[in-house]
Amino acid sequence: MVIMKNTNGNFQRILVTGGAGFIGSHFIRLLLNERPSSEVINLDLLTYAGNLENLKDAESNPKYKFIKGDIGNRELTTQILSEVDAVVNFAAESHVDRSILGPEAFIQTNIVGTQRLLDVSKQNKVKRFLQVSTDEVYGSLGAEGAFTEDTPLAPNSPYSASKAAADLLCRAYHHTFALDVVITRCSNNYGPNQFPEKLIPLMISNARSDKPLPVYGDGLNVRDWIHVEDHCRGILAVLENGQSGEVYNIGSNNEWPNIQIVKKILNELKKPESLIKFVADRPGHDRRYAINSSKMKNQLNWEPKIDFSEGLHKTIDWYLKNDAWLRRVTSGEYLKYYETQYSNR
Ligand code: NAD
Ligand code: DAU
């Protein structure tokens, strides 16, 4: 089969890994809507974080295909990549607290898995490999300033160290083997379908059922929040128009101390602030993240569009309307994790 780039600069057949997770599922929906002539293959291992319910609406789309499997399975990816012209790698262990409880899975998927996928992409002469990375690779900021693409890597958690290692492997495959690689580094995402181990959906879920809201440390750690759909539009812009070998920071200029986010959620849900419970801090807790995304704006004409208050309001509404989704994902494995992470804290 001859694979060609479409005339409008996008790709005919795209492998999205980790597409059953939070951000990957939004990205696949964006591709199917905005690039209807492209075929999309979703390779996902369906770990605790992968959920095919996130893409129910795509199942009947003839341009969409799901394959269950590991990005580290060379035999499988060799088969898939023989027919693919671009890879977007979302697949990862993504939660910092889990990386503190057990780092090994992070090394396996985020580093070894990414290296194998790079290698098979190289062998199959894939036209472009986009690595979905994170601002956490830059470490922690003081009160001033923001991460640029030139900020030195200084990861502090097993999660961010594994993502930084993957970024360096991407860089090496570009430099040594001339693989066309682009890397995006985004700040904290929020929106529908996020697994309720992360701050915003966990607080919505607990507040709904009048459970305590566990705030780490003094609650003054700062994160820079972006709506998942803005992030996905940024990834698409980099995939189609980013320069080979370059890194692009994606963020929304929207910094909030955690405690204020928690209070905003309680206020929206009309629940009392007495539900807030300050608990022992996360070990190695990064104090502040902030992203300078002027390169995205200047070079790719990308800007975030979704206002935070409106985006958060709609996100809370999504969780209220999708109670069945929330109940399903918070049963089973989640209960065991919750107990380990929060009891005796
Ligand atoms: P997620 O945990 O919701 O989803 C991860 C997906 O990867 C799941 O569907 C899981 O089943 C799949 N997966 C895990 N291991 C796999 C493997 N070995 N092979 C194939 N599939 C596997 O994560 P998310 O929040 O959607 O994050 C997606 C990506 O974006 C990650 O690479 C993460 O580092 C990055 N990122 C996340 C954020 C954020 O705020 N959530 C911000 C910046 C970057
Ligand atoms: O910055 C991008 C990163 O954002 C992504 O790379 C990660 O995949 C994603 O998980 C996220 O990492 P954080 O550690 O910033 O996100 P989390 O939602 O776990 O925590 C956000 C902040 O809230 C952080 O300062 C810790 C705090 N927190 C979190 C939880 C789960 C609490 O205070 N209580 C909690 O129960």
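This is a short chat about a predicted model with two ligands.

Q: What is the mean pLDDT of the chain?
A: The mean is 96. Of the residues in this predicted model, 97% reach 70 or more.

Q: And where does pLDDT stay under 50?
A: Over residues 1-8. For that stretch the model has 17 contacts beyond four places in sequence.

Q: OK, ligands. How many residues surround ligand 1?
A: 29 residues surround ligand 1. The closest are Ile23, Asp44, Ser94, Tyr159 and Lys163.

Q: What does the side chain of aspartate 44 do there?
A: An N or O atom of the aspartate 44 side chain is 2.6 Å from an oxygen atom of ligand 1.

Q: Which backbone atoms come in?
A: Isoleucine 71 has a backbone N or O atom 3.0 Å from a nitrogen atom of ligand 1. Phenylalanine 90 has a polar backbone atom 2.9 Å from an oxygen atom of ligand 1.

Q: How much of ligand 1 does the protein bury?
A: Taken alone, ligand 1 exposes 840 Å². The protein buries 97% of that.

Q: Which elements give two or more residues to its shell?
A: Helix H1 (22-34), strand S5 (128-134), helix H5 (158-177) and strand S7 (188-190). The largest share comes from S5, with 3 residues.

Q: How does the shell around ligand 1 split by class?
A: It has 13 nonpolar, 12 polar and 4 charged residues.

Q: Now ligand 2. Which residues are closest?
A: Asp135, Glu136, Tyr159, Arg282 and Tyr342 are the closest. In total, 26 residues surround ligand 2.

Q: Which side chains have an N or O atom 2.8 Å from an oxygen atom of ligand 2?
A: Arginine 223 is one of them. Asparagine 258 is another. Asparagine 188 also puts a polar side-chain atom 2.8 Å from a ligand 2 oxygen.

Q: Which ones are buried?
A: Ile200, Pro201, Leu202, Met203, Ile204, Ser205, Asn206 and Ala207.

Q: What happens just after H6?
A: Aspartate 210 takes a positive phi of about 55°. Aspartate 210 is not a glycine, and sits in the loop between H6 and S8.

Q: Why does aspartate 210 count as partly exposed?
A: Because its relative accessibility is 47%. Partly exposed runs between the buried limit of 20% and the exposed limit of 50%.

Q: What is phi at asparagine 344?
A: Near 55°, a positive value in a residue other than glycine. Asparagine 344 lies in the segment after helix H12 (333-342).

Q: Buried or exposed?
A: Asparagine 344 is exposed, with a relative accessible area of 83%.

Q: Let's go to the loop between S7 and H6. What about glutamate 197?
A: Glutamate 197 lies in that loop. Glutamate 197 counts as buried because its relative accessibility is 2%, and buried means under 20%.

Q: Which residues is glutamate 197 in contact with?
A: Beyond four places in sequence, Tyr48, Ser94, His95, Arg98, Leu202, Tyr334, Tyr337 and Tyr342.

Q: Which of its contacts is polar, side chain to side chain?
A: Tyrosine 48 makes one with glutamate 197, at 3.0 Å.

Q: And how far is glutamate 197 from arginine 128 in space?
A: 32 Å, C-alpha to C-alpha. In sequence they are 69 residues apart.

Q: Last one. Where is asparagine 42?
A: In strand S2 (residues 39-44). Asparagine 42 counts as buried, at 0% relative accessibility.

Q: What does asparagine 42 touch?
A: Not counting residues up to four places away in sequence, asparagine 42 touches Val16, Gly18, Gly19, Ala20, Ile28, Leu55, Tyr64, Lys65, Phe66 and Ile67.

Technical notes:
Residues are numbered from 1 along each chain as its sequence is written. Chains are lettered from A and ligands numbered from 1 in the order in which they are written. This is a predicted model: local features need pLDDT of at least 70, side-chain atom pairs count only at pLDDT 80 or more; totals for chains, interfaces and linings use all residues. Side-chain values use heavy atoms; hydrogens and water are left out. Buried means under 20% relative accessible area, exposed over 50%, partly exposed in between (1.4 Å probe, protein chains only). Helices (H or I, at least four residues) and strands (E, at least two) are DSSP runs, numbered from the N terminus. A residue is near a molecule or strand if one of its heavy atoms lies within 4 Å of it. A polar contact is a pair of N or O atoms within 3.5 Å; within protein, one must be able to donate a hydrogen and the other to accept it, and residues adjacent in sequence count only if both atoms are side-chain atoms. pLDDT is the predictor's confidence in each residue, from 0 to 100. Contact means heavy atoms within 4.5 Å. Accessible areas come from the Shrake-Rupley method with a 1.4 Å probe; for residues, only the protein chains shown count as cover. Ala, Val, Leu, Ile, Met, Phe, Trp, Tyr, Cys and Pro count as nonpolar, Asp, Glu, Lys and Arg as charged, and the others, Gly among them, as polar.
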